[in-house]
Structure formats: C-alpha cells, structure tokens
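Hi there,

Here is the structure I promised to pass on.

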Amino acid sequence: MKQVKWAVAAFCLLIGAACQNDEVVPDGPVTINSDFKTNTDGWAAEITDYPLDQKDILEFQSGHKALPAPLDSSKKAFMVSSHNRPDDLFMFLKKKVTGLRPNQTYKVSFEVELASMYANNSAGIGGSPGSSVFLKAGASTIEPKSVKEGNEYRLNIPKGNQAEDSDTVPVLGTIGAGDDVTQYKLIQRKTEKPITVKTNDAGELWLLVGTDSGFEGVTTLYYNTIKVVIE
C-alpha cells in the first residue's frame with residue numbers, strides 16, 4: 001500500500017502543474033464586481049474608429065473621478081470623455097481575466113451602471129446625444145486594441161457599427177437617461193442573453209464595455225459599476 005501511495009505522489013510531482021490546475025481553476029460561475037470605489041480595478045480606457053489626422057482633436061480623457069452633481073460626489077467612478085469629430089468614435093474600457101479553464105467555452109453576462117446626463121429626445125449634430133450613442137459589452141480571447149488600418153484607427157475585433165452589434169459584442173442599449181433629462185443620473189443596462197466565448201490556451205479572456213457614437217459632440221460618462229458573470 002505504501003508503495004502505491006508513493007507512486008501516486010511521484011506521479012503528481014512529475015505533472016505537478018496539471019495536478020494543481022485541477023484544484024485551483026474554478027468550475028462554477030466567476031463573478032467580477034467592479035465598483036470603482038478605490039481604483040479602476042484593472043480596467044483601462046481607450047478610443048478607436050477615427051482618421052489618423054484627427055487623433056489630437058478628440059479631447060479624450062479618462063480617470064478615476066468623483067461622481068458629478070447631483071450624484072454623491074463622495075463616490076468615485078471611471079470617467080471617460082471625448083469629442084466625436086469623425087461621427088463614428090468608439091470609446092471603451094477593457095479588462096483581462098485570468099484563471100479560467102484553458103480552451104473552455106463560457107457564457108458571459110454583463111450588468112453595467114453608469115451616470116449619463118443625455119436625454120432620449122435630445123437633438124445634436126449627427127444624431128441625438130442620448131439615443132444615438134450605443135452602449136456595447138463583449139468578451140474576446142484577443143485583447144481589444146485600436147489598430148491602424150490604412151488612414152484610420154479601428155478596433156481589432158468585430159463589434160458592429162453604432163446600432164449594429166456582433167456575436168461577441170452586442171448592443172446593451174443607448175446612454176439615454178430618459179426624456180428631458182438635463183442632469184446626471186444613474187442608468188442600468190445589461191445583456192439580453194449571455195455571450196458565448198472560448199478561452200485561450202492560458203485560460204484567459206478580455207472583457208470590453210464601450211460606447212459607439214453617432215453624435216458629433218462631447219460625451220462624458222461615469223461608469224459606476226460593471227458586473228460580469230462568467231460560467
């Protein structure tokens with residue numbers, strides 16, 4: 001019996017990584033709750049979908065900021081802001097997730113709460129500041145990046161254009177906060193059905209949340225919470 005136990009132990013030592021992975025990689029749902037109370041929780045901001053010669057006039061800003069009035073200014077959020085001069089600007093957050101099972105198919109669901117001051121029935125250049133700016137969320141094994149394609153920058157994964165979506169980056173809704181809104185208020189959006197995505201060889205995924213804008217003006221948003229369930 002002792003010889004059998006020693007043989008099993010020796011076998012696990014030889015393939016130690018595999019034995020450990022079976023114990024630490026989760027089988028159940030993984031929930032990510034980013035509330036941005038103290039930091040940006042690994043999310044990073046970026047913009048894409050614009051001509052090369054417009055890069056310096058997009059007024060892009062991002063950071064860990066207090067919620068705007070009349071909301072609770074003691075609470076911080078992830079602020080993003082830009083001027084959509086090309087009429088097709090995509091402003092997004094991304095986060096890497098590790099520790100999942102390698103080459104495993106998962107279902108990913110999003111619940112997003114953000115502060116918006118843009119009315120559904122508002123009018124603006126190129127479109128409505130509220131109803132022509134579309135919130136999207138998705139997941140990919142490829143890191144979402146702004147890459148150069150000819151004379152412009154584009155996202156390196158399929159996301160659709162404005163109201164259009166893709167299989168892995170669906171539209172959650174618009175940033176319209178209601179009719180006749182003039183002040184910031186918190187709005188909630190979520191995926192209607194889970195997104196299907198397969199992890200890479202290292203058990204990694206990238207998460208993406210952003211706005212695809214048809215409004216040719218300044219949009220400033222505050223992401224208050226992002227909840228993601230991966231199962």
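**Strand E14 and its partners**

Strand E6 (residues 90-97) is joined to E14 by eight bridges, and the two run antiparallel. Strands here are DSSP runs of at least two residues (E) and helices are runs of at least four (H or I), both numbered from the N terminus; two strands pair if DSSP finds at least two bridges between them. Within this pairing, Lys 95 stands opposite Leu 207 in E14. Strand E8 (residues 133-140) also pairs with E14 in the antiparallel sense, over eight bridges, and there Gly 138 stands opposite Leu 208.

Before going further, please note that this is a predicted model, in which local features need pLDDT of at least 70, side-chain atom pairs count only at pLDDT 80 or more, and totals for chains, interfaces and linings use all residues. Residues are numbered from 1 along each chain as its sequence is written, and side-chain values use heavy atoms, with hydrogens and water left out.

Is strand E14 (residues 205-213) mostly covered or uncovered? It is mostly covered, with nine of its nine residues buried (buried means under 20% relative accessible area, exposed over 50%, partly exposed in between, with a 1.4 Å probe and protein chains only). On one side these are Leu 205, Leu 207, Val 209, Thr 211 and Ser 213, and on the other Trp 206, Leu 208, Gly 210 and Asp 212.

**The chain as a whole**

The chain has two helices and 15 strands. Of its 231 residues, 46% count as buried. Taking contacts (heavy atoms within 4.5 Å) with a separation of 6 or more, 81% are between residues 24 or more positions apart.

The mean pLDDT (the predictor's confidence in each residue, from 0 to 100) is 90, and 89% of the residues reach 70 or more. Over residues 1-24, however, the pLDDT is below 50, and this stretch has two contacts in the model beyond near neighbours in sequence. Where pLDDT is low, the predicted coordinates should not be read in detail.

**Cores**

The largest nonpolar core has 49 residues. By nonpolar core I mean a set of buried Ala, Val, Leu, Ile, Met, Phe, Trp, Tyr and Cys residues joined through side-chain atoms within 4.5 Å. The residues with the most contacts inside this core are Val 108, Phe 110, Leu 207, Val 209, Tyr 223, Ile 226 and Ile 230. Elements giving two or more residues to it include E6, strand E7 (105-116), E8, E14 and strand E15 (218-230). A second, separate core of six residues includes Phe 90, Phe 92, Leu 155 and Val 169.

Leaving out residues up to four places away in sequence, Val 209 touches Phe 92, Phe 110, Leu 135, Tyr 223 and Ile 226, among others.

Lys 94 lies in strand E6 and counts as buried, at 9% relative accessibility. What do its side-chain atoms meet?

Asn 224 is found in strand E15 and is buried, with a relative accessible area of 6%. Its side chain makes polar contacts with the side chains of Lys 75 (3.0 Å) and Glu 113 (2.6 Å). The C-alpha atoms of Asn 224 and Ser 34 are separated by 8.3 Å, although these residues are 190 apart along the chain.

Thr 199 sits in the loop between strand E13 (195-198) and E14 and is buried, with a relative accessible area of 4%. A polar atom of its side chain lies 2.6 Å from the backbone oxygen of Arg 101, and the side chain of Thr 199 also reaches the backbone nitrogen of Gln 104 at 2.9 Å.

**A three-stranded sheet**

Lastly, an open sheet of three strands has the order E3-E10-E9, with antiparallel pairing. Its edge strands, each pairing on one side only, are E3 (50-51) and E9 (146-149). Two bridges join E3 to E10 (residues 152-155), with Tyr 50 opposite Tyr 153.

Best wishes

Conventions. A polar contact is a pair of N or O atoms within 3.5 Å; within protein, one must be able to donate a hydrogen and the other to accept it, and residues adjacent in sequence count only if both atoms are side-chain atoms.
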